[in-house]
Amino acid sequence: MVTRRDFLKTMTMASAGLALGSGEALNAQNLTSNRGKNGKVKIAYIGIGNRGEQIIGDFARTGMVEVVALCDVDMGAKHTQKVIGMYPKAKQFRDFRQMFDKAGNEFDAVAIAVPDHSHFPISMLALASGKHVYVEKPLARTFYEAELLMQAALKRPNLATQVGNQGHSEANYFQFKAWMDAGIIKDVTAVSAHMNNVRRWHKWDTNIYKLPSGQQLPKDMDWDTWLGAVPYHEYNEKYHQGEWRCWYDFGMGALGDWGAHILDTVHEFLELGLPYEITLTHQEGHNDYFFPYSSTILFRFPARKGMPPVDITWYDGLDNLPPIPAGYGVSGLDPNIPTTNQGTAPAAKLNPGKIIYTKDLIFKG
């Protein structure tokens, strides 16, 4: 059995070795296909409730996968029972490490839909085991984790890797590209990106001076595995079922949750790269444990490839709306916004999205 201490030690050594360029640091294996006569990819799912269930349904509709294993720290919970019932022959695990140890030679690929803080260790182990990887956005919780994962993927060109982002394959993505190609969107100088719906993942006291006290664990939940590589926290319901999004140790707040959707097309098609300057211009409800209730962040990008410099300003919080251009019109809750495991948020003053400013036009996104 792999203990928590052994796991943390292994991940630390592997990450350090990869950063130094050691190609064998993670004991990578060549992919050995286990496809049967039906040609389907044998897959294991890690995180099978809520968003994980949605991803599993999307894969099932392709008709191209055979489900070999199911893994979730909360296999006895109501939100995992539906998927378990769909695949009664799949092997079941609560600990992803045991799944790789005991059934790793039976599947080709993994799909990962777990809290942000566990994306890195699970994806890294999957790559080291020679598995194709689909991991839900964001790729990782920190810049350093993302860099290590990208390096690991580049060292294994025979493996398919993909970060899940619903909007990246839907109509708005292709519309933006078509308008760019046609020269309709051009000379973008500023973007206001905003998510001002109710902060569905918490309403905690901003004056807290310590982490929440421990509570009784849900029946059969593997809390140590849920924590992964994060320093130990006592279980509390304020970390569970999507509530983890607001905590620095586990999630990425409103920007990490929604920014991947709202800024995806802008970042790709304007070829922004990395900003040269980031400034927090407003925050309310800040403390040492979770993200502010509202924040405004300015990202500045230089001129590139004939395109002018761009300032992108992020606004989140109920009372922290961006300046609205004249004639902007009504913005109701768009039915095309992807649903989440927290349900549909109530209509807000301003629908999550972006306002794109160019030298000639203003676009409502």
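**Entry 1: the loop at lysine 305**

I started with lysine 305, which lies in the loop between strand S9 (294-301) and strand S10 (310-316). The model I am reading is predicted. I looked up the backbone here. Phi of lysine 305 is near 50 degrees, a positive value in a residue other than glycine. Is lysine 305 buried or exposed? Its relative accessibility is 68%, so lysine 305 counts as exposed, the cut-off being over 50%.

**Entry 2: glutamine 241**

I went on to another backbone angle. Glutamine 241 has a positive phi of about 55 degrees, and it is not a glycine. I found glutamine 241 in the loop between helix H8 (223-227) and helix H9 (253-262). Its relative accessible area is 30%, so I wrote down glutamine 241 as partly exposed.

**Entry 3: proline 138**

Next I checked a peptide bond. The bond from lysine 137 to proline 138 is cis, with omega near -5 degrees. I wrote this down because most peptide bonds are trans. Where is proline 138 found? It sits in the loop between S5 and H6.

**Entry 4: helix H5**

I turned to H5. This helix is mostly covered, with nine of its 10 residues buried. Among the buried ones I listed His119, Phe120, Met124 and Leu127. I then picked alanine 128, which has its place in H5. Its relative accessible area is 8%, so alanine 128 is buried, the cut-off being under 20%. I also looked up a spacing. Alanine 128 and arginine 156 are 28 residues apart in sequence. From C-alpha to C-alpha, alanine 128 and arginine 156 are 9.0 Å apart in space. After H5 comes glycine 130, with a positive phi near 75 degrees.

**Entry 5: H4 against H5**

How do H4 and H5 pack? Helix H4 (residues 96-103) and helix H5 (residues 119-128) meet at an angle of about 10 degrees, and their axes are 11 Å apart. The angle is under 35 degrees, so H4 is roughly parallel to H5. I noted the crossing of H4 and H5 as right-handed. On the H4 side, Phe96, Arg97 and Phe100 make the contact. On the H5 side, Pro121, Ile122, Leu125 and Ala126 make the contact. I sorted the contact by class and got six nonpolar residues, no polar ones and one charged.

**Entry 6: the cores**

The largest nonpolar core has 27 residues. Those with the most contacts inside it are Ile46, Met99, Phe100, Phe107, Val110, Ile112 and Val133. I looked up which elements supply at least two residues each, and they include strand S1 (41-46), strand S2 (65-71), H4 and helix H6 (143-154). Which element gives the most to this core? H5 does, with five residues. I followed up valine 133. Leaving aside neighbours within four places in sequence, valine 133 is in contact with residues including Val110, Ile112, Ala126, Leu127 and Ala160. I also found a second, separate core of 25 residues, which includes Ile185, Met195, Leu263 and Leu272.

**Entry 7: the whole protein**

I finished with the totals. I counted 10 helices and 12 strands in the protein. Buried residues make up 48% of the 365 residues. I also looked up contacts between residues at least 6 apart in sequence. Of these contacts, 68% join residues at least 24 apart.

Key
Residues are numbered from 1 along each chain as its sequence is written. This is a predicted model: local features need pLDDT of at least 70, side-chain atom pairs count only at pLDDT 80 or more; totals for chains, interfaces and linings use all residues. Side-chain values use heavy atoms; hydrogens and water are left out. Axes are lines fitted to C-alpha atoms, for helices over the stretch in contact, and angles run from 0 to 180 degrees between N-to-C directions. Helices (H or I, at least four residues) and strands (E, at least two) are DSSP runs, numbered from the N terminus. Angles under 35 degrees count as roughly parallel, over 145 as roughly antiparallel, 65 to 115 as roughly perpendicular and the rest as oblique. A crossing is left-handed if the near helix is turned anticlockwise from the far one by less than a right angle, and right-handed if clockwise. Contact means heavy atoms within 4.5 Å. Ala, Val, Leu, Ile, Met, Phe, Trp, Tyr, Cys and Pro count as nonpolar, Asp, Glu, Lys and Arg as charged, and the others, Gly among them, as polar. A nonpolar core is a set of buried Ala, Val, Leu, Ile, Met, Phe, Trp, Tyr and Cys residues joined through side-chain atoms within 4.5 Å. Buried means under 20% relative accessible area, exposed over 50%, partly exposed in between (1.4 Å probe, protein chains only).
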